[in-house]
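Visitor: I am new to this structure and would like to know where the words used for it come from. Please show it to me and take the terms one by one.

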Amino acid sequence: MFKLVICDDEGKTTLVPLIRDEVTIGRREGNTIRLTDRNISRRHAHIIRNNDNTFSIEDLGSRNGTKVNGDHVMGEPMPLIPGDQVYVGDYNLSIRTDVSAGVPMGTQMAPGDSAGIGKVTTHARLVLISGKDAGKEFDLTVDLFVVGRSDEANLKVDDPSLSRAHARLDGDDHKWTISDLDSINGIMINGQKRDDYLLKSGDVIELGVVKFRYVPPGEPYEYNPEKSSSSDSKPKFPSKFAMILTGVAVAAILAITMVFMGLGNENENNDGGVANMDADEQRVSQLIEKGKDYIQAEEWEEAARTFVEVQQKDPNNRVAKELKKNAIFELEAQEKYLTALEAEKKKDWSKAVKALSVISRSSHYYDIGMLRRMSANLCEELLDKAAFMGDSDNLNGARKTLSEIEVIPEMSASCGKRRDQLTLQYQKDGNNSILKRTLKPTTRKRNRINKKRLSTNPYSH
């Protein structure tokens, strides 16, 4: 069996069996292999199995390109043979047949072996990274999970630090939101307390003393105990000595606080102002984090509103200013991208191309592969229209239609070649028509002269 070996810039190797005839690689959800680094385009590359069981790779107009053995993949698909080195962003890919077949999926081989075996699934999963069952996986294959230690919970974790119904997981189009169900110990995401949170790749979820890692669909991950600290597997509790020190420190702080409170009412207003300032700073910080979550979820309008609220509280906040600018920029790009998708459904190629061509290359929604496909469809449509007009002797209309092709962005070489051929053909046809029109009066005049000569010839009867 052919296998695709994926190696990232840190040396971790993952294996994916090539059981499909077509494999798409990109950052966007829906790709066969999803690589989430920012230097990977939304639709980056396409691996095709040919009829003779060989392979080819095609670059889908990615921003950073695709290389095979150091050569850029341009235009037509480039043939691949086992052992060729394919570079996609910071990833190195190769097709192999000599990978150890006896190792089950999900087992990590030691560094230095010929290849490592990783795990990629089409669904999201939670991987337990603490406790005696560390490495256990929970597949998120239905749209709703209740996490807790109750027998009625469909994601049961038998640990006393969890409530009977601790949290809820809601899935929508491969995106998962976790919500607290008024649990005693609450939810911590990456060390911060959360009530509701849209999960992202690599997020660490803490429910009591139990820790999970969230792994999105199509992303390689496997639990490696060597990289996990002892704190992941065993909850640490403060020693008795540390608790005594903490008690002494708290008592000292309380004493100092009482002294300052007794200094008089003259500082009361100032103290209140500091407290309010701290509360405002905390609120600003919370709003910025909330806005970043909206950005991660590609909810640009909500993100922009959140950063506007930050600027109302802190007009000089540069972070909020830049993030708001970026959110508005992406919101406009998203609207154009959605317009293009809707136009594609209706086969309105002109509208799709117009919408896609104004999306900046720096945008999250820039998709040169889609732009090239829509441009090719528009070119084909205009060429057919011009040919029909030419066949109907509407040469002016044909030439005008052909001139519209000149402004199509990302026009293919084949489209330009056919346009040039038709343009040359209709120029010749037009010249012939002009020649015919200039010859007709001369011919009629010659006929009248000949007729007159015949009527005056006495020998004509």
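Guide: A residue is called buried under 20% relative accessible area, exposed over 50%, and partly exposed in between. The model shown here is predicted.

Visitor: What makes Asn 69 partly exposed?

Guide: Its relative accessible area is 45%. That value lies between the cut-offs of 20% and 50%, so Asn 69 is partly exposed. Asn 69 lies in the loop between strand E7 (66-68) and strand E8 (71-72). Asn 69 also has a positive phi, about 55 degrees, although it is not a glycine.

Visitor: Why does Asp 182 count as exposed?

Guide: Exposed means over 50%, and Asp 182 has 76% relative accessibility, so it counts as exposed. Asp 182 is in the loop between strand E17 (175-180) and E18. Asp 182 is not a glycine, yet its phi is positive, at about 55 degrees.

Visitor: How do you know that Thr 141 is exposed?

Guide: By the cut-off of over 50%: Thr 141 has a relative accessible area of 55%, and is therefore exposed. Thr 141 is placed in the loop between E13 and strand E14 (144-148). From Thr 141 to His 174 there are 33 residues in sequence and 9.7 Å in space, C-alpha to C-alpha.

Visitor: How much of the protein counts as buried?

Guide: Of its 461 residues, 38% are buried. The secondary structure consists of 9 helices and 22 strands.

Visitor: Which strands pair with E3?

Guide: Strand E5 (residues 45-49) pairs with E3 in the antiparallel sense over 4 bridges; Val 23 has Ile 47 in E5 as its bridge partner. Strand E4 (residues 33-34) pairs with E3 in the parallel sense over 2 bridges. There, Ile 25 has Ile 33 as its bridge partner.

Visitor: What makes E18 and E21 a pair?

Guide: Two strands pair if there are at least two bridges between them. Strand E18 (residues 187-189) and strand E21 (residues 204-207) are joined by 3 bridges and run antiparallel, so they meet the condition of at least two. In E21, Ile 205 is the bridge partner of Ile 189.

Visitor: Which sheet has E18 and E21 in its order?

Guide: An open sheet of 6 strands, in the order E13-E12-E22-E21-E18-E19, with antiparallel pairing.

Visitor: Why do E13 and E19 stand at the edges?

Guide: Strand E13 (137-140) and strand E19 (192-194) each have a single partner strand, so one side of each has no neighbour in the sheet. Neighbouring strands of this sheet are turned by 30 degrees against each other on average, direction ignored.

Visitor: Why are helices H7 and H8 called roughly antiparallel?

Guide: Helix H7 (residues 368-391) and helix H8 (residues 395-405) pack at an angle of about 165 degrees, with their axes 8 Å apart. Angles over 145 degrees count as roughly antiparallel, and H7 and H8 are therefore described in that way. Their crossing is left-handed.

Visitor: Which residues make the contact of H7 with H8?

Guide: Among them are Leu 382, Ala 386 and Met 389 of H7, and Leu 395, Ala 398 and Leu 402 of H8. The residues of this contact divide into 9 nonpolar, 3 polar and 2 charged.

How values were computed: Residues numbered from 1 in each chain as written. Predicted model: local features only at pLDDT ≥ 70, side-chain atom pairs only at ≥ 80, totals over all residues. Heavy atoms only, no water. Axes fitted to C-alpha atoms, helices over the stretch in contact; angles between N-to-C directions. Parallel < 35°, antiparallel > 145°, perpendicular 65-115°, else oblique. Left-handed = near helix turned anticlockwise from the far one by under 90°. Contact = heavy atoms within 4.5 Å. Nonpolar A, V, L, I, M, F, W, Y, C, P; charged D, E, K, R; others polar. Buried < 20%, exposed > 50% of the residue type's maximum accessible area, 1.4 Å probe, protein only.
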